[in-house]
Amino acid sequence: MKKILLVLLVSILFGCSSLHEHKYSKANYQQPAICTICQKESGFPLQPDFSKYNIYLNMDIGKTYQLTTVCKDDKTIYTIANVEIVEYINDYQDDNHKKDIDFQWKRVVLKLTFDDNNVVENGASINYLTTNYYNIGQYVSSYNYNHDNSCYEFTVNYYGIDYTNCRLKIYAFDNDWKNENDEYIKEYVLTFDFYIPIGFDGMVVGIRNAAIDASNFSYFYEYYDSEQFLLFRLD
Ligand SMILES: [Zn+2]
């Protein structure tokens, strides 16, 4: 009898903490649903769009990649872009890029080099893109240019919270033609500065084949082809 009482007592003591109906928060891209009372997790985080649509991150820092694209003046003539991530700063700070309580800057710099005769005769056209690894639709629908701040603005969701005042500044430079060993070389440098929630790892930049006609599509995954895109994630 004593033994039964003891077992009962023990089971009551240990049972107390689960004597509630779990109240789950919604899952987000960073966390599964979590009980707000006991922190019990249920299920999985939301699936990122990049895995849903089989989109590959196929660029690393310091390597050079070749992408077939078309010339500016004649879209039937092909050329090769040599594309390289020349700089990636995960926590970028200077006088114009200050860290805030909730926000930080990330900078990535891409260099494109063209050195074949087709480009010398017909020029190069550059098609870059920026997107959000987790939620492409939210990025596209919120992305707009703010003339007062001279930058793009967009929204990202991080741990279930919509951050509506994310920013993007893009600087594009093209260097004069260089002549090296009787080869003409043209370089383009693209700098992307993202202002995003601290720790957010979903921004993606890339280059795609300029021959793709995207005018009838809303989202790049509708015409995505891993052979025709080079993508880098600022994780
Ligand atoms: Zn619970």
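Numbering starts from 1 along each chain as its sequence is written. As the model is predicted, local features need pLDDT of at least 70 and side-chain atom pairs count only at pLDDT 80 or more, while totals for chains, interfaces and linings use all residues.

**View 1. Where domain 1 meets domain 2.** Domain 1 covers 14-46 and domain 2 covers 49-234, with bounds from an automatic or database domain assignment. Their centres, taken over C-alpha atoms, sit 38 Å apart. Six residues on each side are in contact (C-beta atoms, placed from the backbone, within 7 Å).

**View 2. The largest nonpolar core.** Contributors of at least two residues each include helix 4 (136-142) and strand 11 (183-197); helices (H or I, at least four residues) and strands (E, at least two) are DSSP runs, numbered from the N terminus.

**View 3. Around Leu-231.** Leaving out residues up to four places away in sequence, Leu-231 touches Tyr-56, Met-59 and Val-204, among others.

**View 4. Strand 11 and its partners.** Strands pair when DSSP finds at least two bridges between them. Strand 5 runs antiparallel to strand 11, with twelve bridges, and Thr-113 partners Glu-187. Strand 10 makes a hairpin with strand 11, and turn residue Asn-181 has a positive phi of about 50 degrees.

Notes. Two residues are in contact if their C-beta atoms, placed from the backbone, lie within 7 Å. A nonpolar core is a set of buried Ala, Val, Leu, Ile, Met, Phe, Trp, Tyr and Cys residues joined through C-beta atoms within 7 Å. A residue is buried if 20 or more other C-beta atoms lie within 10 Å of its own, exposed if 12 or fewer, and partly exposed in between; C-beta atoms are placed from the backbone.
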